[in-house]
Amino acid sequence: MKNLDHTIIRNRKRLQRHPPGNAGRALALYKLANSLRDKFSERNELTDLNEAVTLHRLALDLRPAGHPDRHESLYRLARCLWRRYKKQATTSDLEEAIILGRAALELRPLGHSGRVFTLSGLADYLGDRFEKLSESADLDEAIALCRSALDLCPVGNADRSDLLHNLAFYFWSRYGNQATMADLEEAIISSRAALELRPAGHAGRASTLNNLADNLRNRFIKVGEDANLDEAIALHRSALDLRQPGHSERSTSLNNLVDCLKSRFEKHGAAADLDELITIHRAILDLQPLGHPQRATSFHALLCHLRKRLKKYDRIADLNECISLERTILSQHEPRHSTRTTCLLDLASDLFGRFQKAGTVTDLAETVTLGRTILNLHPPGTPGYATHLNTLLIYLGERLDKCGEIEDFNEAISLARQSLELRPAGDPGRISPLRTLASFLSAKFHAEGDLVDLEEAIALRRDISDLSPTASSLHELSLCLSDRFDQLADPADIDEAITLELSVLTLCLPEHIDWAMSRKSLVLYRQKKAKKPAPKADLDGIKKLIESAIYDTLESLPPRLLNTHTGALFCRDALASEFENSREYNQLLRSSVISYSTPHRDSHIRRAVSSYFQFVTLSHRWGKDEPLLRHVQGRVIYDMDLTDGIAKLQMFCATACESGYLWGWSDTCCIDKDSTVELARAIASMFSWYRRSALTIVYLADVARNGKLSSSEWFKRGWTLQELLAPRNVLFYTREWTLYKSSLSSNHKEDDVVLTELEAATGIARHHLIDFNPGLDSARSRLQWASGRRTTESEDAAYSLFGIFNVFLPIIPGESAENALGRLLTDLISQSGDISVLDWVGEASSFHSCFPARIASYQSLPCRPPTYHDNGLKPSKYNAQEFQAEQLFDSLLMSDPPHFVGRRLRLSCITHQVTAFRLQQANPGASQYVYSILAEGLIPLSITLSSELIVTDTSRSTLPYVLIRPWHSKFASSTGLDNMAASNLVAMLGQPFSALLLEEQSGNEYKRIASSSVIIARLADVASILRSKVQSLNVV
């Protein structure tokens, strides 16, 4: 490319050296034009070709008739104009190229070295004009010129293969125009000859393979010999091998191979050909990005062949792919596209087929929606309306059998009435819509118990029996009459039902299925007649019981739930209405009337209502584009445009639905986060909702199918701690929405392998994971579980623990994290007196000096509470020491439990006055100061602080610091109340303990000095223990 640029520069300089009038100017123009044409061939930039045409014209003007090089200029200008025509399709360029080509040919007679090229070039121009104007004379002349050129190229000539290839193409074109078999044979002969001259590695071999294959396929179409088609397929495959991905003609080879394989499959039906067709169509689609003009056609072609394979082999994978393709095609069609109805029909049919195979309710729901869409496109009076109406009735009938939604009953009955109107009295097809409408009315009666529906169904069944008194029509009428007898206890109904079944028995042979069914019904009806009808129950009273159970149940549930079948969001009123219109409600009403006596009816109703409202909770890490309440309210999530958040929500609902649950809850869209009141209630209720859920699905978006559960960020988030502990049943799903470890367990809390991983990931003992009880027990351990977790809002670190501790505190908008944690810890101490929450290291909170600023300060393992241990430290018996021990025991036993008075912590403790301290090591940059401490009754110890100890009041007789051992009277009572209690207490106090360093403030108050590590202290001896001072200090 660089050499070509240099050549052009050199030729431009040459042209400058030969100004107009110079004898060498024509040659300079000619050479520059040729180099620009070569540049166009490499870079395909039209400006280069336009300049080449202009320069060749100027050169031709300088080579008038009689000039020895005029033929060369004529030929070169014609070739440039022809190339520009191929680029722009401007007819005037092609016409001028033909004129110039003829003129050049006249100047290159037989024997001229350039005559072959001129003949071939003029044939090219005429061939293209034939393609544009379809004038046979142009094609005839092109063939003649190409034959003449071949005569001048003996065997072995390098140009012979190109001429044979072109001649074959012209014969093929004339065959396509005139259908003369001789031309097709000539095309095949010429193509074979060209192919022999184009061995492996030849640049034109793929093109010749392709053309020969096309000619052989045409001969197959004409004469029907399989050998031609087989050879054509083999040649197209060879051409395709030479046109690897990225080749400009690969798409052409793929399409040509499709045509041949399609012809062979249509003739022989070979499965291998069909499989290959599908594979090739997928490859064609890969070459056609969005916006490609043929992409829609290719989608339809692939769909057509997949449907053929589906019909032949009934494979679920093909059905799934058909559905996926149909969705894609529909998404690319405008609403008024001519083939839209066909696509909708195909998609509805395939979804219905998949439902019949797999029973997936969402497929059936989408089928019904599509059926409605199709019907809306064909209003009454238009062709196809009746067909589409009846198809929708089939879909609705199937969904009624599966789900029994009241809305479907009403829609189905309305549509069935419209279908019946299309078949007036006297129409031979009237029986079918009569039967359909009667069936829907009967089903609605069984669901709702409305006698009006039953009465109409009976009237319709009578009409059917009058028109066609078959065994089935008589039996169906008898069933309706039996239902009415059950409601009204009218003997006439059961008598007629018996008479009808007797008629059925006379119409059927004993081996017929209707005969056995009718006989069974007859026995049942006679038994009903023989029994005295049961007194009617208090229906209104039962409805009130159900209404009360609904209200009580919904009060314990989240205020909104997602319907996993439909994808709609329901508030509490809508949830109540949904149940009251459901099949389950009517079943409950009937069973409460018939099967349960008054003492057991209420519990039966509450169990049934609770069962209906079982819901699944989603636990996950929030990502981008999470849908909030305002995004999904009033919409169907399955119909919403996909974002990461919507896709997650759809998969959660689909997974819950697949697991058999009707309702689902997600913290993203089921809480109104714009309402401070609702958000506060949700935080207070969150633990109970997860505990109340039938199942919690944990979605780990960052764990692959074969990944490790413990690697997930989910285990580092604050809110997910209660989402792990609260539910009884948990299932973990990976990024691909597959069950973690492909576990067959319905609850990962019962899976030993998963539980072992959970213990390792969380540091929580197995018994807590399986059966966690919220409350104030082991408060320090529970704080440690949460200490390594993070929340987006810092105050949520405390809020997320409310449920775990079972405390109820207000949510304060804009509250700081320190304040929220401080209120929680205050409540823990106030309710339980548990001083283990004072066991932390790090920065102190501005809320209270005894509390940490962050929950991360609890990451270290909690210190063990003091217990009796025989360490040899005991008071001497029968002397003053024993008396001192008993006094100490009494004072500790009677000490006040820790409690708050306002913001002051009233803390009982054993105090040890600090008598001296010395700085051992200082690192101000790291805020680390190590002190050696001497305190009354304690062995000397070292402590690490984040700030310096500075005594400002030098007039004091004692230092303002004390080391304390926080105390709760339960420690003393744990030693027992026998005569050994005091002795055991001394031994217990002799153990090392976690001390707090306090600084005395004005007003007899103390403030804790936070340490960078746990302060471990130990009393020096028994005497020190017995001299211990028990005080109640006010700590701020």
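Domain bounds here come from an automatic or database domain assignment. For this chain the assignment gives domain 1 (1-102), domain 2 (294-465), domain 3 (469-527), domain 4 (773-832) and domain 5 (876-1035). The model is predicted, with local features needing pLDDT of at least 70 and side-chain atom pairs counting only at pLDDT 80 or more, while totals for chains, interfaces and linings use all residues. Residues are numbered from 1 along each chain as its sequence is written, and side-chain values use heavy atoms, with hydrogens and water left out.

**View A. Where domain 2 meets domain 3.** The C-alpha centres of the two domains lie 31 Å apart. Here 13 residues of domain 2 are in contact (heavy atoms within 4.5 Å) with 12 residues of domain 3. Together the two domains bury about 1200 Å², 58% of it on carbon and sulfur atoms; buried area is the accessible area (1.4 Å probe) that two parts lose on being put together, summed over both. On the domain 2 side, Arg461, Arg462 and Ser465 lose the most area to domain 3, together 41% of what that side buries.

**View B. Salt bridges between domain 2 and domain 3.** A salt bridge is a side-chain nitrogen of Lys or Arg within 4 Å of a carboxyl oxygen of Asp or Glu. By this rule, 4 salt bridges cross the interface of domain 2 and domain 3. In the salt bridge of Arg484 and Glu455, the N to O distance is 2.6 Å. The elements giving two or more residues to the side of domain 2 that touches domain 3 are α20 (431-448) and α21 (451-467). Of these, α21 gives the most, with 9 residues. Helices (H or I, at least four residues) and strands (E, at least two) are DSSP runs, numbered from the N terminus.

**View C. Thr367 in helix α17.** Thr367 sits in α17, which spans residues 361-376. With 0% relative accessibility, Thr367 counts as buried; buried means under 20% relative accessible area, exposed over 50%, and partly exposed in between (1.4 Å probe, protein chains only). Its side chain reaches the backbone oxygen of Asp363 at 2.7 Å. Leaving aside neighbours within four places in sequence, Thr367 is in contact with Ala348, Leu351, Phe352 and Tyr395.

**View D. The largest nonpolar core.** A nonpolar core is a set of buried Ala, Val, Leu, Ile, Met, Phe, Trp, Tyr and Cys residues joined through side-chain atoms within 4.5 Å. The largest one has 113 residues, of which Phe613, Phe732, Leu824 and Leu838 touch the most other members. This core lies between domain 4 (773-832) and domain 5 (876-1035), because both give residues to it. Apart from it lies another core, of 90 residues, among them Tyr175, Leu240, Leu254 and Ile498.

View E. The structure holds 63 salt bridges. In one of them, the side chains of Arg219 and Glu185 meet at 2.7 Å, N to O. This pair links distant parts of the chain, with Arg219 in α10 (residues 205-223) and Glu185 in α9 (residues 181-196), 34 residues apart. Arg219 counts as buried at 16% relative accessibility, whereas Glu185 is partly exposed at 28%.

**View F. Lys1029 and Glu936.** These side chains meet in a salt bridge with an N to O distance of 3.8 Å. Lys1029 lies in strand β15 (residues 1029-1035) and Glu936 in the loop between β9 (928-935) and β10 (941-945), so the pair ties together parts that are 93 residues apart in sequence. Lys1029 is partly exposed at 45% relative accessibility, and Glu936 is partly exposed at 38%.

Terms used. Polar contact = N/O pair within 3.5 Å; in protein donor to acceptor, adjacent residues only side chain to side chain.
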